[in-house]
Amino acid sequence: TDREFDHLAKDLKLLLIPELTLIAEVQGEAVAFCITLPDANQAIKLANGRLTTFGLPIGLAKMLIKLKRIKTGRLAIMGIKAGFRKRGLDSVLFLDTFLASRKLGWRGGEISWTLEDNTLVNRAIEIFGAKRYKTYRVYGKPLTEGEALKN
């Protein structure tokens, strides 16, 4: 939704790179988007997990400086409106992201957090030569009222 998109944009404003924030339009209607971010984990590692030292934002400053020099990214968010899927928009967004990241001097990247059963996206990712190297799973168990109160 527009509200969700605005909230996300506000939270990610510090990391967003305009060339890697793509919106696909069909006859003036926004139907798909793709956001790729610098791999901030590299900057966090440089700060050694500490934003401040002796009350000074030394770690934060290190992170902000490192963010400008990161050469890998993560395609973090992509969405295509129902009715516009299976038309190749995902491939166009992947290709444009790849080309823009190369112009920025990036050497690599990853696509994260795709649902295991989202065959449309996973197939497109594989066509572009990406390899699955990690699988995260979330398991759930319904709790009875008594169990919920104990926890």
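In which helix is Ile-127 found? Ile-127 sits in helix α5, which covers residues 119-127. The model described here is predicted. The protein has six helices and four strands, and four salt bridges turn up in a search of the whole structure.

**Overall build**

- Taken along the principal axes, the box filled by the C-alpha atoms is roughly 55 × 55 × 35 Å.
- Among contacts between residues at least 6 apart in sequence, 63% join residues at least 24 apart.

**Surface and burial**

- Of the 151 residues, 25% count as buried.
- The accessible surface of the protein is about 11600 Å², and 57% of that surface belongs to carbon and sulfur atoms.

**Nonpolar patch**

- A nonpolar patch on the surface is formed by Leu-95, Phe-98, Leu-99, Ile-127 and Phe-128, which together have about 500 Å² of accessible area.
- Helix α4, residues 89-103, gives the most to this patch, with three residues.
- Ile-127 has a relative accessible area of 66%, which is over 50%, so Ile-127 counts as exposed.

**Salt bridge between Lys-81 and Glu-29**

- Lys-81 and Glu-29 form a salt bridge in which the closest N and O atoms are 3.1 Å apart.
- This pair links distant parts of the chain, 52 residues apart: Lys-81 is in the loop between β3 (72-80) and α4, and Glu-29 is in strand β2 (residues 29-38).
- Both partners are partly exposed, Lys-81 at 41% relative accessibility and Glu-29 at 35%.

**Salt bridges around Glu-116**

- Glu-116 meets Arg-132 in a salt bridge, with an N to O distance of 3.8 Å.
- Glu-116 lies in the loop between β4 (108-111) and α5, and Arg-132 in the loop between α5 and α6 (145-150), so this pair ties together parts that are 16 residues apart in sequence.
- Glu-116 also meets Arg-137 in a salt bridge, with an N to O distance of 2.7 Å.
- Arg-137 is in the loop between α5 and α6, and the pair it makes with Glu-116 links parts of the chain 21 residues apart.
- Through shared partners, salt bridges join Glu-116, Arg-132 and Arg-137 into one network.

Conventions: Residues are numbered from 1 along each chain as its sequence is written. This is a predicted model: local features need pLDDT of at least 70, side-chain atom pairs count only at pLDDT 80 or more; totals for chains, interfaces and linings use all residues. Side-chain values use heavy atoms; hydrogens and water are left out. Patches are made of residues with over 30% relative accessible area and no salt bridge: like charges are joined within 9 Å, nonpolar side chains (Val, Leu, Ile, Met, Phe, Trp, Tyr) within 5 Å. Accessible areas come from the Shrake-Rupley method with a 1.4 Å probe; for residues, only the protein chains shown count as cover. A salt bridge is a side-chain nitrogen of Lys or Arg within 4 Å of a carboxyl oxygen of Asp or Glu. Helices (H or I, at least four residues) and strands (E, at least two) are DSSP runs, numbered from the N terminus. Buried means under 20% relative accessible area, exposed over 50%, partly exposed in between (1.4 Å probe, protein chains only). Contact means heavy atoms within 4.5 Å.
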